[in-house]
Amino acid sequence: MTAAVIQFSNVRFRYSEQGQDVLDITDLQVHQGEHLFIQGASGSGKTTLLNIMTGINQPYAGKIQVLGKALQNLSAIESDRFRVDNLGIIFQQFNLLPYLSLLENVQLPCWFSAKRRAQAGNSKQAAAELLQQLHIPKSMFDKPVNALSMGQQQRVAVARALIGKPEIIIADEPTSALDSDNRKRFLDLLFSQTDKQNSTLVFVSHDSQIAPYFSRTIDLSEINSAIDTEYNA
Amino acid sequence: MKLLKIALKSACNRKVSLSLTMFSIAISIVLLLGVDTIRKQAKNNFINTISQTDLIVGARTSPINLLLYSIFHIGNATNNVSYASYKQIAALKQVKWSVPISLGDSHRGFRVMGTNSDYFRYYRHSNTQSLHFQQGVEFSDVYDAVVGFDVAQSLNYQLNTQIVLNHGIVATKYSEHDDKPFRIVGILKKTNTPVDRTVLVSLQGIEAIHVDWQSGKRSALKISAKKARQMGLEPKSITAFMLGVESKITLFSLQRKINNHPNEPLQAIMPGSTLASLWQTMGQFEKVLMAVSVLVLFTGLMGLLTALLTTLNERRREMAVLRAVGAHAYHIIVLFVLEAILVVMGGFLFGIAMLYAMQAIMQPILADSYGIFLSLKMLDGEQIIILLVALLLAIILSLIPGLIAYKRSLQDGLMVKI
């Protein structure tokens, strides 16, 4: 078994205005290079999990190690920098800034991170290559974002997450706006590209249908004891 | 910097509402700087129009009125001064020099002033400046005329051009002194005073063209230009006269003496103090205008604040995307501040451009009807401070939406569900 790139131990989190924990994870490990599928119904704490994994929110108890770094000890600015340096993030939809061209949208992480910029080399060229590998026709590079189909927009988002070879790609329901044909093609491309640059993929979704495509699946409601108590109560 | 690029492109994406905001700031800048420019230049003009003249003497009226019609050529004289009184006063031992002024005629919208060659010797403006000729010389013949810079410029007059004077201020076809044309012998350099818009002729010239006129109409008995030249041409009355004293100590006693002139009611004013009191009356008005303009600028800035606040919701996703690709939360505040700076600076530039364009257009109109000579000048220190304060205010105001967006983006994190 390869080393864990993300490790949760006894992580407990609550929003300050709430009296109850929303997340309580004793142990969660993500291994280098794997495609991990975290399945969870809405309300199971998916968003919270991702916010903690990306250093946006900090737990009040427990430890999170991402790439050997203890996230709970980082300041807000340090965790912002750590995030852009090492994580590529894909949203459910509306990933792109409508006022930037496709190429600029893809290059955004390189604008904010010196590490990603260095790893990408020529960022414009890297962006163009990624877009082509994700089957975005060259003729669309200078088109406004809203001329793209939803599937195309999500593939551009993948290119942006991948640029500068971050170690971990985190995807938050990126396929929920796609139909089943597009979904399969999207996943194939996502897998082949993350494998190509040897990145780890953490994919969060409520959609259990796509679980078989992944090397490992975790049901969030099983590892999150905070939700169980809530259901039982 | 990349953040500036993002701010620019993001602003372009919302260009309709932002350019309207920019436009309203531009208009308030035009108003504020316009009022400020006009008030400063008007004051300058007024103060600079006449200097080194100790007294202006005319018929009894308010001192301001006398100053306005004799020097600024605004309005008309209430009454004349007899030439005999003028000569009497000019001969007093306290009087060092005197220059008669005779107004009432015009040439294509420009006032005609009858005077004598002492005018070129003693008239001073802008502290110590005397009149200089761009071309030609002062008048010597009865039918010679000297024109101010603007007259020559706008009517495209050269030396030796023949001009016809009009009786009265309003030109009509039936009131032309067309039987006695004048010849331009001199063109003055620009002074930024009403002299620029004046046609100067000798008192004899004024007398000659009126020799066959009675009660504002041409009499049936016509006298030719040649014949008129042979006549005495001693004026019976003039509009006013300027004088300088031998010694400042005698100024008040001379003023009192003229005010008590036995032969006719006269009034002597000191141009400096009259200018000051005139400016005081206008000063109140000027303060109100400035206050209104400041309020208008404030309204423009509030418009900017409104425009930034209304976009907060629609930009929530944008902020989350920026956070996901590595923007710090404080970058969000910077984005709002940059946007405010862009809009305000754009408004400034647009406003200043409009201001200059309007000044260029208004220049002749203001000079014509109000005697205010605007010159296109760079912004002065005070105006630059006004702009900087407005910019600072805009930055402070933009912190409000900036901080709201900052707090929200901390709460939302990356996962905004919209």
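Biologist: In the open sheet of five strands of chain A with parallel pairing, which are the edge strands?
Modeller: In this predicted model, the strands of that sheet follow the order E6-E7-E8-E3-E9 in chain A. The twist from one strand to the next averages 15°. An edge strand pairs on one side only, and in chain A this holds for E6 and strand E9 (216-219).

Biologist: Which residue of E8(A) stands opposite His35(A)?
Modeller: Strand E3 (residues 35-39) and strand E8 (residues 200-205) of chain A run parallel and are joined by five bridges. Across this pairing, the residue of E8(A) opposite His35(A) is Leu201(A).

Biologist: Which are the edge strands of the open sheet of four strands in chain A?
Modeller: The pairing in this sheet is antiparallel, and the order in chain A is E2-E1-E4-E5. The strands that pair on one side only are strand E2 (23-31) and strand E5 (69-70) of chain A.

Biologist: At about what angle to E1(A) does helix H1 of chain A run?
Modeller: Helix H1 (residues 46-53) of chain A lies across strand E1 (4-13), E2 and E4 of that chain. Its angle to E1(A) is about 120°.

Biologist: Is Ile56(A) buried or exposed?
Modeller: Ile56(A) belongs to the loop between H1 and E4 of chain A. A residue needs 20 or more other C-beta atoms within 10 Å to be called buried. Because Ile56(A) has 26 C-beta neighbours inside 10 Å, Ile56(A) counts as buried.

Biologist: What end-to-end distance do the C-alpha atoms of H6(A) give, and why does it agree with the length of the helix?
Modeller: H6(A) has 13 residues, and at 1.5 Å a residue these should span 18 Å.

Biologist: Which elements of chain A do the buried residues of H6(A) pack against?
Modeller: H6(A) is mostly covered, with 11 of its 13 residues buried. Among the buried ones are Gln152(A), Arg155(A), Val158(A), Ala159(A) and Leu162(A). In chain A, they pack against strand E6 (87-90), helix H3 (102-112), H5, strand E7 (168-172) and helix H7 (180-196).

Biologist: Which residues have the most contacts inside the largest nonpolar core?
Modeller: The largest nonpolar core here has 101 residues. Ala159(A), leaving aside its neighbours within four places in sequence, is in contact with Val106(A), Ala127(A), Leu130(A), Leu131(A) and Leu134(A). The residues with the most contacts inside the core are Ala159(A) and Leu304(B).

Biologist: Is His135(A) buried or exposed?
Modeller: His135(A) is found in the loop between helix H5 (123-133) and helix H6 (150-162) of chain A. Its phi is near 60°, a positive value in a residue other than glycine. Because His135(A) has 11 C-beta neighbours inside 10 Å, it counts as exposed.

Biologist: What is the phi of Arg108(B)?
Modeller: Arg108(B) lies in the loop between strand E3 (95-107) and strand E4 (110-115) of chain B. With 13 other C-beta atoms within 10 Å, Arg108(B) is partly exposed. Although Arg108(B) is not a glycine, its phi is positive, at about 45°.

Biologist: Which residue is the bridge partner of Ile56(B) in E17(B)?
Modeller: Strand E1 (residues 55-59) of chain B is mostly covered, with five of its five residues buried. Four bridges join E1(B) to strand E16 (residues 240-245) of chain B, where Ile56(B) stands opposite Met242(B). Four bridges also join E1(B) to strand E17 (residues 266-269) of chain B, in the antiparallel sense. In E17(B), the partner of Ile56(B) is Ile269(B).

Biologist: Which helix gives the most to the side of chain B that touches chain A?
Modeller: The contact takes 17 residues from chain B and 25 residues from chain A. On the chain B side, helix H1 (2-13) and helix H11 (316-324) each supply at least two residues. The residues of that side divide into eight nonpolar, five polar and four charged. The helix that gives the most, with five residues, is H1(B).

Conventions:
Residues numbered from 1 in each chain as written. Chains lettered and ligands numbered in written order. Predicted model: local features only at pLDDT ≥ 70, side-chain atom pairs only at ≥ 80, totals over all residues. Contact = placed C-beta atoms within 7 Å. Nonpolar A, V, L, I, M, F, W, Y, C, P; charged D, E, K, R; others polar. Buried ≥ 20, exposed ≤ 12 C-beta atoms within 10 Å, placed from the backbone. Expected span 1.5 Å × (residues − 1). Pairing = 2+ DSSP bridges. Axes fitted to C-alpha atoms, helices over the stretch in contact; angles between N-to-C directions. Core = buried A, V, L, I, M, F, W, Y, C linked by C-beta atoms within 7 Å.
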